[in-house]
Every structure is written in C-alpha cells, then in structure tokens.
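This report describes a protein assembly, chain by chain and contact by contact. The sequence and structure come first.

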Amino acid sequence: MKKMMLIILSLFLLGSTVFASGQQEEPKKEDAKSKEPAKAEVVSINKEISSPVTVEFWHGMSAKLGETVELLADEFNQTIGAEKGITVVPVFQGGYTDLKQKLTASIKAGTAPVISQGYSNYIAEFMQADVVVALNDYIYDSEVGIKDFEDIFPGYRAENCQIDGKTFYSLPFNKSTEVIFYNKTFFEENGYEVPKTWDEMSALCKTIYEKTGKPGMGYDSLDNYMITMIQQFGGKYTDAQGNIYYSQNDAAVKAINLFKENFDKGYWRIAGEDKYLSGPFGNADVYMYIGSTAGASYVKPNGFEWDSAPIPYVSADKKAAIQQGTNVFLMNQNKSDEEVYAGYEFIKYLVSKDANFIWSTNTGYLPIRKSVVESPEYKKFLATTTDTTKISGPAQGDYYFYEPGFFTPNYSSYDVRVSLRAAVEDALLNGTDAKTAVDTAYGKLK
Amino acid sequence: MEIRLENIQKKFSSVVAVHDMNIRIKDGSLTGLLGPSGCGKSTTLFMIAGLYAPTAGNIFFGDEAVTLLPPEKRGIGLVFQNYALYPHMTVLKNILFPLENMKIPKKEALKMAEEMADIVQIRDLLDRKPSQLSGGQQQRVAIARALVKKARVLLLDEPLSNLDARLRLETREEIRRIQKETGITTIYVTHDQEEAMSITDDIVLMDKGWIQQQDSPQQMYLNPGNQFTAEFLGNPPVNIIDGKITDSVLVVCGEKLCGFDGVEDQPVVVGIRPEAVLIGNGDIKASVRLIEIVGKDKIISLDLKGCLIRAIVSLDYDCNVEELLSFSVKHSGVFLFDKTTGARIKGFAS
Amino acid sequence: MSIIEGRNTARGTVAAWVYLLPALIIISVFVFYPLIMAFRMSMYESYNFYKNVGTGFGFASFKRVLCDSDFHIAVKNTLFLSFVAMPVSIIISLVIALLISSIKKFQALFQTFFFLPYVTSVIAVGIVFRWLFHSNYGLINYFLGLFHIHPVAWLNNPKTTIYALAIYYIWGNLAFNTIILLVGVQNIPKMYYNAARVDGAKWGKIIFRITLPQLSPTIIFLTIVGFIASFKVYNEVYALFGDLGGAANSAYTIVFYIYRTFYGAGRMHIAAAAAVILFVAILCITIIQMLVSKKFVHYK
Ligand SMILES: Nc1ncnc2c1ncn2[C@@H]1O[C@H](COP(=O)(O)OP(=O)(O)OP(=O)(O)O)[C@@H](O)[C@H]1O
Ligand SMILES: [Mg+2]
C-alpha cells in the first residue's frame with residue numbers, strides 16, 4: 001500500500017514538472033504556428049510516378065458496398081493505375097465510428113493512409129495535424145486536373161470547399177439524402193396521397209392513427225430532423241467556422257414543438273430501440289418513415305409494396321433536404337509527393353462519370369454528377385430498379401444543403417449535432433419544454 | 001450414557017467402510033476406537049455423532065434410539081481430527097457458538113463458556129483467534145466447544161494427531177483428567193495403540209471395517225483374540241514366526257520352544273512377545289544378530305536357525321553380536337494362531 | 001547472496017535497481033507515459049492532440065467536464081452500476097454458487113452452463129438483449145404481461161435505460177462472479193460444516209456464520225474488481241444503445257462519455273480531464289475499500 005502511494009505521489013510530481021515546463025515553453029511555439037493558416041504545403045505539384053507506388057484507401061463500406069469499392073479499385077488498378085504505375089489497396093476499417101478511431105490513431109502514430117473516406121468534421125479535426133492535402137492545385141491543373149469539374153452538383157462542390165469557400169480538401173463520394181419511404185399498398189387502399197407539407201403530414205398521420213392505432217410516420221435520425229427543420233423554419237444552423245446560429249431565433253424550438261405535438265398524440269414515432277425504422281416499416285408497424293436513401297436496401301416489406309417521395313416542406317420557398325454521406329480526402333503524412341499524386345489520381349477516378357455511374361447503380365448512393373443523372377444508361381437503370389429513391393432523392397437536388405463540419409477546442413460540429421438530438425429526445429421523452437431543451441443544448445457548447 | 005451399536009453397516013457407494021458392527025460402550029467410560037488408517041474409525045464415530053446415516057443397523061444412547069436423530073439432537077460433543085475451530089471467530093465465539101444455536105441467553109451462555117474454559121484451562125486465551133494458538137491450546141478449545149453444551153457423549157477423532165510427541169503425552173493425560181472430572185462417556189478414536197493402551201478404560205479394535213476385539217487394554221494385550229490384535233498391540237511388536245505343534249510341543253525352525261497341551265498337531269503361526277523371551281534362562285541356543293537400543297530398552301535379535309526372534313533385555317545387559325546365547329520362552333507370552341484364519345488357538349502350559 | 005545480506009548497502013540498492021530496470025522501463029512506456037500525457041492534456045484549455053501542443057494552462061477542461069450535464073448523467077449511471085448493480089450481481093452470484101454447490105448431480109454441467117456468458121461476446125449478447133428488452137416483441141415485457149404489468153419501453157424511455165443497462169450488466173457479470181464464488185465455496189473445508197451441524201446450527205446460520213465469513217476474501221476480491229470494472233463500463237452501453245448512448249444520452253457512463261468526447265467529438269483534452277477525474281475516483285475508492293476491508297475480512 002505504502003509503495004503504491006509512493007508511486008502515485010511521484011507520478012503527480014513528475015506530472016507537475018511536465019505541466020510546468022509546458023506552461024513556459026509551449027505557448028510561444030503555438031503562437032508562432034497559429035499565425036499561419038492551417039493548410040498543407042503543396043506549392044507546385046508532382047505529376048510524375050517514377051517507380052510504381054502502392055497506396056491505401058481506408059473506408060467504412062461493408063458487404064455489397066465494400067464489394068463495389070473493391071470493384072472500383074480493381075477497375076482503376078487495371079486501367080489508369082496500370083498505365084501510371086499506381087496500385088490502390090482498399091482497406092475496410094469497420095463502420096464510420098471505427099474508421100474515425102483508426103484514423104485518429106494512425107495520424108497520431110504518423111502512419112496515416114494516403115486516401116480515406118470521411119465526413120467533413122473528420123477533416124476539420126485532422127487539419128490540426130497538418131496532414132490533409134489541399135486539392136485545388138491538382139483539380140485545376142491543366143494536365144491532370146478534373147476537366148469537367150463543374151459537372152459535379154454545386155451542393156456537393158460547396159460542401160467540399162466549405163472552409164473558405166474555395167479550397168477543396170475533399171471530393172464527394174458516397175452521397176445520399178433523406179426521403180419519405182411509404183407503404184404504397186396501404187396508401188392506395190385508403191386513397192391517401194403522400195404529404196407534401198408538414199401540415200399535410202400531421203393531418204395524414206392523425207387520420208392513420210385514428211384508423212389503425214399506429215403511428216403514421218417515424219423519423220430515423222433526429223439529428224437530421226433538427227438540422228433540416230431549422231433550415232425549413234427559416235433559421236440557420238451553424239457555419240463552417242463553428243459559429244452557432246440556431247439559438248438566435250425560434251426555428252429550433254418550432255422544430256421540436258412540431259415533433260412533440262405529433263409524438264405526444266402517437267401520430268409520429270422515433271426509431272429508438274429499433275435503431276432504424278426500416279424494420280418496423282417492413283412489419284407495417286409504421287406506414288411512413290423519413291430516412292436515408294442509402295438505407296433503401298434494408299427495407300424488406302412484409303407483404304406490401306413501398307415507394308418513396310421527397311420530404312415535406314414548411315413552405316415552398318424554404319424547401320431543404322440534407323445531403324448526407326462521406327467524401328474522400330488525401331493525407332500526406334510521411335508520404336512522398338508521388339504517393340499523394342497517386343492518391344489524387346484515384347479520387348479523381350472515383351468522382352469521374354464512369355466510376356460514379358458504377359457506384360450509384362450498384363449501391364444505394366446517389367449520382368454526384370449531372371451527366372450521370374442525364375445519361376441514357378442511368379435512365380435505363382432507373383427503369384429497371386425498384387429503388388425509387390434513385391428518383392425521389394435527386395428530385396430534391398435543387399434545395400440540398402450540407403451540414404458544416406468544423407472543430408473548435410470547446411465543441412465540434414459533432415457535439416452540436418449530438419446535443420440537438422439529445423434536446424429533441426429530452427423534449428419528447430422527458431417532457432422537457434422545447435425552449436428549455438434548446439437552451440440546455442446550446443448552453444452545453446459554450 | 002451407555003452407547004450401543006447394533007448391526008451397524010456403512011457403505012459409500014461401492015466401498016463398505018463399516019461391516020456389521022455390534023458394540024456396547026459403558027456409561028462414563030473412556031473407550032478407545034483403535035485401528036490402522038482407513039479402517040473405518042472416523043466413519044463409525046460420525047455415525048454415532050449423526051453426521052453420517054448408517055446404511056443398516058441401529059444406534060442407542062441408553063434406551064433411546066438415536067439412529068435417525070440429527071447431530072444437534074443427540075447431545076454429543078465432537079472434536080475433529082483437525083479441530084475444525086472456526087478460524088474467523090475468537091476462542092470465546094467458538095465456544096459460544098453451540099450455545100447460541102441452543103438459544104441460551106447471552107449472560108448464561110457466557111458463564112457456561114467461562115466455566116468450560118476454566119476446566120480446560122484456556123481462560124486467558126478467550127480473545128484470540130484459533131490461528132494464534134498452539135496445537136495443544138486449539139485442542140483444548142475444541143474440547144471446550146464440544147463439552148460446553150453439556151454433552152452426554154464426547155467424541156474425539158484422533159485428537160492428538162497434530163501435536164508433537166511431548167505435547168501428545170501431556171495432552172492425553174489432560175483428556176483423561178477432563179474426562180474423569182466430568183464423568184462423560186467418551187469415545188476416543190486413535191490409530192496409536194500406545195495412546196489407546198495408556199488412557200482408555202476399554203478398547204474397540206477395528207480392521208478393514210470389521211471389529212476385531214473389544215476388551216480392556218490389559219486384557220487385549222495379554223489375551224489377544226487373533227493374530228491382528230496381537231500384532232497391532234505392543235511395542236516392540238510381537239514376533240511372528242511359522243511353527244508347528246508336534247505331540248503337544250511347539251516347534252519353531254526345528255527347535256522345541258515349549259509345550260502346548262490340548263492342541264492338535266498342526267502347522268501354526270506363532271506370536272511371541274519380545275518380553276516373553278527370557279535370555280540366559282534355558283537351553284535353547286541362538287546367536288545374536290543385531291543389538292538395538294530403543295529408549296530405555298535394549299532389543300536383541302536372535303538368530304534361531306534362520307528364524308529371527310526379538311527379545312527385550314534391560315539396558316545394562318551386556319552381549320556382543322555373533323555371541324551364542326541361551327534362552328527360554330514364557331508360556332503366557334506365546335500365542336498360537338490358525339494358519340488360515342488367524343484365529344487364536346488356545347492351549348495350556350505343560 | 002550479496003543482495004540479501006547487503007540489503008541496506010549502496011551496492012545492494014544499485015543491484016536491486018538494475019534488476020528492476022526492464023520492468024520499470026516497460027511500465028514507464030506503457031503505463032506512466034500515457035498517464036502523464038493524459039494529465040498534461042487535461043490541464044489545457046485547448047489542445048492539439050496530434051502535435052501535443054496546448055494553450056491556456058489551468059483547470060478549464062475540468063470545469064467544462066464538471067459542468068456538462070452529460071457528464072452528470074454519466075456519473076449518476078456509473079455510481080448506480082457500482083453501488084447497486086454490482087452488489088446485486090454479487091449477491092445473485094452468491095445465491096447461484098450456493099445452490100450449485102449444494103446439488104450433488106450435474107454440478108459440473110451447471111458450472112459449465114453458468115460460465116458460458118463469460119466466453120460469449122458482449123456485443124453479440126447485446127443484440128439478443130436488445131430483443132429481450134423490446135417494448136413490443138421482447139420476452140421481458142411478455143413475462144411482465146403475464147403478471148399484468150404494463151409493457152416497459154426499456155430502451156426508449158430515458159428513465160428506464162439505466163435499468164436495462166444494469167440488468168444487462170448484472171447478467172454479464174454473473175458468470176465470472178459465480179465461478180469465482182463457486183471455487184471459494186468448494187474450497188471451504190467440509191469439517192466446518194460438520195462442526196456447525198454438531199453445534200446445532202441451522203442452514204441459514206451456517207451460511208451467515210460459516211460460509212460467508214469464509215468467503216469474505218473472495219467477496220472482497222470480487223467487489224474490488226467489480227468496482228473498478230463497473231467504473232469502466234463501456235461495451236455494455238455500446239451493445240445496447242449503439243454509439244448514441246441511449247435516449248437523450250440517458251445511458252451514458254463515464255467511460256462512454258470519455259470515448260465519445262475523444263473519438264466522436266475529437267476534443268481530447270476534455271476527454272483527458274474526464275479520464276483524470278475517473279482515475280482519481282477509482283484510486284480513492286480502491287484505497288477506501290482496502291482500508292475498510294481490512295476491518296471486516298477474514299484472511300486465513
Ligand atoms: N465420504 C466418503 N466417501 C467414500 N468413501 C469414504 C468416505 N469416507 C470414508 N471413506 C472410506 O471409508 C473407509 C474408512 O474411512 P475412515 O475415514 O472411517 O477411516 P479412519 O479409520 O478414520 O482412517 P484415518 O485413521 O486415516 O482417519 C476408507 O476406505 C475411506 O476411503
Ligand atoms: Mg479418521
């Protein structure tokens with residue numbers, strides 16, 4: 001026991017010396033550094049591969065999605081890769097949570113991969129390590145640049161240069177949005193129409209509840225509900241610099257109250273213990289749900305047909321639907337310029353028309369290019385698939401918005417999202433007043 | 001309290017630990033239950049205690065049949081082979097435990113415990129834990145715990161086996177004293193014949209689950225009923241040699257030892273107590289093979305035409321190895337046993 | 001030999017240090033260094049984890065953690081697990097161990113049966129439990145229904161998530177506790193039970209006066225291990241509630257909070273401050289436990 005105490009005491013001692021020295025020296029270093037904008041130092045880019053390189057692509061795509069990633073990598077390796085001496089090795093790292101965890105660890109260890117999938121808040125966080133590669137010099141290069149860059153939907157381009165509105169740190173990859181999944185058979189039997197506005201939604205759900213005793217609609221991601229509805233109620237969520245706006249008007253409170261009114265009466269439900277509503281929807285325990293288009297393959301209707309439609313709006317002039325899914329980005333930690341260039345060639349391929357066509361027709365994700373949507377091949381594909389989210393999703397393309405990803409010492413975009421979800425749940429499940437819930441969520445971040 | 005065992009048998013799955021046992025233990029006596037390891041002593045004792053149910057037979061305490069009574073209803077005190085003092089309780093708590101279970105008021109219980117502690121002379125140890133006591137002290141605590149509830153019968157399972165030689169001598173006297181002081185009927189299990197011989201009033205000798213003999217220690221020694229009894233008792237042990245009776249004379253290794261009247265001619269097993277070999281007194285000749293000094297005795301091994309016979313002489317008796325001595329045997333110390341059954345064959349001196 | 005004899009000499013001390021050196025190096029690298037770094041990180045207002053550079057030295061991060069309502073939930077839940085669920089788990093295990101040890105036949109079979117949960121994955125079992133707890137389809141509510149108890153939305157209601165977590169935690173600990181206690185029970189010499197029977201003790205008394213005191217070192221061992229484990233509960237939360245941490249964050253535990261702050265939000269200095277608080281809490285509780293247990297435990 002005594003020995004134990006001794007060890008602990010000496011630990012404290014040791015620790016305090018470290019703090020003391022840190023206190024004296026480090027702020028200076030930090031000062032010097034922090035003046036410079038966090039930006040990778042690519043001045044003139046390398047476009048040559050002198051000897052064959054192999055780069056890793058870390059991703060979080062399992063099952064069919066993972067197979068498609070492999071397919072794309074193979075395709076690349078056999079064509080462009082073979083020509084230039086590049087081999088891309090996709091490495092599955094588990095779900096997004098695991099992927100983030102492994103990226104953090106690998107950057108800390110100095111072994112980050114060249115290419116990775118990730119949300120914009122990952123990139124914001126990893127900027128601290130000065131490892132994320134700014135892509136403009138590649139994208140706009142006269143030789144190796146992306147010639148038809150403007151073909152990529154503006155919303156996606158905006159998301160990937162959100163930090164300053166011009167510097168691209170990533171490119172869009174697996175993109176999806178939220179749509180209404182509804183029980184077509186049930187709707188036809190009863191002569192219901194898919195609601196276009198939230199008022200219609202509430203009214204229809206009331207009717208359904210009174211008829212069946214079951215909730216009419218459920219929302220998978222309450223985070224997304226809040227972020228979307230803040231926009232629809234005329235508010236602003238955050239910006240990419242980490243300024244929070246939702247507390248400045250009553251949009252968030254209205255959003256919570258709208259859900260609460262319908263939830264309390266049993267008209268709407270949340271996923272809760274079911275995690276995703278595709279399960280209860282398949283069992284006809286709920287007749288509509290709003291969820292990701294990427295989840296379409298999990299809808300297994302039990303004796304009915306389903307269809308999808310754009311999500312409702314509050315007013316036609318303020319339509320908003322979230323654009324979801326991750327992007328791909330490059331890191332140059334202990335990597336040669338050639339390896340980084342090799343990585344660029346691969347992500348350039350991923351956003352190309354060919355690759356994006358393969359990706360969006362083999363998975364639940366949506367096209368990121370106008371040319372893909374308008375191509376005859378894609379139209380042919382739409383005629384054969386039962387997955388109508390491929391139509392209802394892009395139909396919202398005009399009013400897509402993205403969730404800014406940022407990182408500050410006190411909170412990150414992740415915290416904002418999580419705290420808002422907790423706020424809705426607090427209001428719905430604990431009966432907390434909407435205003436109080438929003439204030440609490442906001443207070444947590446300050 | 002007289003104890004009777006009638007046709008008691010105990011089987012453990014396939015092993016028969018005790019066979020058809022009939023014994024009577026006299027009220028107020030200190031009876032030794034003696035036998036080699038594994039012969040069924042503890043099993044018998046545990047049946048008397050009520051910890052084991054006999055497979056067959058009945059047990060009586062006085063006139064009361066107790067066969068089906070649980071241990072606490074039998075009024076017995078039991079001292080275990082390793083004392084089994086509760087290690088987490090103080091000496092006092094150990095002694096109080098049985099009283100507590102009898103719901104005796106605290107004050108009275110305390111008085112009884114202290115009285116008992118006085119009898120076994122551990123008054124000053126009451127606050128200690130068993131681990132802080134010597135073996136002898138633990139043993140006395142165990143006896144106190146066994147007796148404090150005013151037991152009618154005290155059962156001791158090899159109570160001295162954990163003590164050193166010296167303490168063993170002291171403690172067995174102590175047990176004798178306590179037993180006489182309290183007058184309690186006591187069964188004392190031991191595998192040590194000397195221990196049994198020195199303190200018990202009566203011995204029940206067992207082997208392989210069978211009763212061999214029940215007698216007073218002296219009678220059992222002087223008059224063993226079979227070869228096992230003769231061999232088990234006595235130190236140095238009895239000499240066992242093959243011999244035969246021819247014309248009422250016992251012949252061993254071609255040498256006539258002594259006359260035996262009333263015994264038919266037959267081959268026999270001969271037991272000769274070492275102290276019954278009288279050296280320098282007689283005309284049988286044998287050479288000295290080995291001389292050992294064991295405590296206060298001198299043991300001489302005699303070579304009688306190839307048969308070894310040990311004799312006890314006094315320490316000051318002088319002789320050398322290879323020396324030729326003459327001897328005779330005392331008839332009362334020579335026993336004949338049946339070659340196949342080991343049963344005693346009695347004869348008369350002639 | 002010289003070390004033993006020259007225990008107090010300078011040479012002996014040097015030799016001792018030389019022998020200890022490899023162990024010390026390993027411990028420093030894998031235990032002390034991260035520990036010190038965590039302490040250091042927690043003392044900054046903002047910290048670049050990737051470059052180990054911090055600004056704003058002080059207790060700001062601790063203040064943030066201590067004022068965070070999610071952390072309050074985490075502390076409350078963690079304390080519930082350690083002071084209610086963990087003791088309940090030991091008590092249930094004790095009962096099971098006593099029952100198993102009192103049966104003669106199939107003892108080994110039961111022993112294996114009760115050990116099974118120990119070798120199954122927490123996450124896999126979590127999926128099963130999610131179904132057991134389901135408000136419409138779950139077996140638990142089905143049984144409650146048999147006694148005319150209204151179905152409970154175990155995993156949906158912020159007020160019941162902690163009970164679901166506790167039940168799952170208790171179940172997950174039964175195997176280990178039961179096996180250890182069973183070994184403890186079986187190691188109690190039979191003679192004490194015989195002695196107690198002769199002394200006229202009834203079974204209740206035997207359990208409370210003989211078995212439990214004899215088991216006290218085992219129970220204390222399980223309590224200390226259980227305490228520390230219950231302070232580190234994370235997997236169970238993840239298995240039942242995924243990475244959301246339960247309705248309105250109601251199933252947060254301290255480690256879950258640390259994990260989410262670290263990997264989810266990427267605010268490592270805040271996570272470090274929470275970790276330091278946890279470290280100090282475990283340290284204090286362990287010391288108190290050791291001091292207290294000296295008084296009550298019987299060691300042979
Ligand atoms: N619980 C039991 N189950 C099976 N066999 C047993 C059991 N207890 C005793 N035996 C067997 O019964 C026989 C008698 O055992 P017991 O303990 O009565 O011998 P003992 O005379 O007391 O020996 P010791 O002097 O070594 O104590 C032995 O063969 C022993 O192996
Ligand atoms: Mg025995």
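How many residues does the contact take from chain C and from chain A? The contact takes 54 residues from chain C and 52 residues from chain A, where contact means heavy atoms within 4.5 Å.

## Basis of the model

This is a predicted model, in which local features need pLDDT of at least 70 and side-chain atom pairs count only at pLDDT 80 or more, while totals for chains, interfaces and linings use all residues. Residues are numbered from 1 along each chain as its sequence is written, chains are lettered from A and ligands numbered from 1 in the order in which they are written, and side-chain values use heavy atoms, with hydrogens and water left out.

## Arrangement of the chains

Two pairs of chains are in contact, and of these chains A and C share the most contacts. Chain A and chain B are joined by no contact, and their closest C-alpha atoms lie 24 Å apart.

## Interface of chain C and chain A

The size of an interface is often given as the accessible area lost when the parts come together. Between chain C and chain A the buried area is about 4700 Å², with 55% from carbon and sulfur atoms; buried area is the accessible area (1.4 Å probe) that two parts lose on being put together, summed over both. Of the area that chain C buries against chain A, Y50(C), R64(C) and Y263(C) supply 15%, more than any other three residues.

The rule finds three salt bridges across this interface, a salt bridge being a side-chain nitrogen of Lys or Arg within 4 Å of a carboxyl oxygen of Asp or Glu. D130(A) and K51(C) meet in a salt bridge through their side chains, at 2.5 Å from N to O. There are also 26 residue pairs in polar contact across the interface of chain C and chain A, both residues at pLDDT 80 or more. A polar contact is a pair of N or O atoms within 3.5 Å; within protein, one must be able to donate a hydrogen and the other to accept it, and residues adjacent in sequence count only if both atoms are side-chain atoms. On the side of chain C that touches chain A, the residues divide into 28 nonpolar, 15 polar and 11 charged. Here Ala, Val, Leu, Ile, Met, Phe, Trp, Tyr, Cys and Pro count as nonpolar, Asp, Glu, Lys and Arg as charged, and the others, Gly among them, as polar.

## Interface of chain C and chain B

In this interface, 17 residues of chain C are in contact with 22 residues of chain B. The two chains bury about 1800 Å² between them, 60% of it on carbon and sulfur atoms. On the chain C side, V198(C), D199(C) and R209(C) lose the most area to chain B, together 35% of what that side buries.

Four salt bridges are found by the rule across the interface of chain C and chain B. In one of them R145(B) pairs with D199(C), the closest N and O atoms being 3.7 Å apart. The largest share, seven residues, comes from α9(C). That side of chain C divides into eight nonpolar, four polar and five charged residues.

## Chains C and B

Chain C has 13 helices and two strands, where helices (H or I, at least four residues) and strands (E, at least two) are DSSP runs, numbered from the N terminus. Its C-alpha trace spans about 70 × 70 × 30 Å along the principal axes. Of the 300 residues of chain C, 50% count as buried; buried means under 20% relative accessible area, exposed over 50%, and partly exposed in between (1.4 Å probe, protein chains only).

Chain B has eight helices and 21 strands. Its C-alpha atoms fill a box of roughly 75 × 45 × 35 Å, taken along the principal axes. Of its 350 residues, 53% count as buried.

## Local features

Helix α8 (residues 198-212) of chain A has 15 residues and should span 21 Å at 1.5 Å a residue, and its end C-alpha atoms are 20 Å apart, which agrees. The expected span is 1.5 Å times one less than the number of residues. The buried residues of α8(A) are W198(A), M201(A), S202(A), L204(A), C205(A) and I208(A). G213(A) follows α8(A) and has a positive phi, near 75°.

N334(A), in the loop between β9 (321-330) and α12 (337-350) of chain A, has a positive phi near 50° and is exposed, with a relative accessible area of 63%. In chain B, a cis peptide bond joins N235(B) and P236(B), with omega about -5°.
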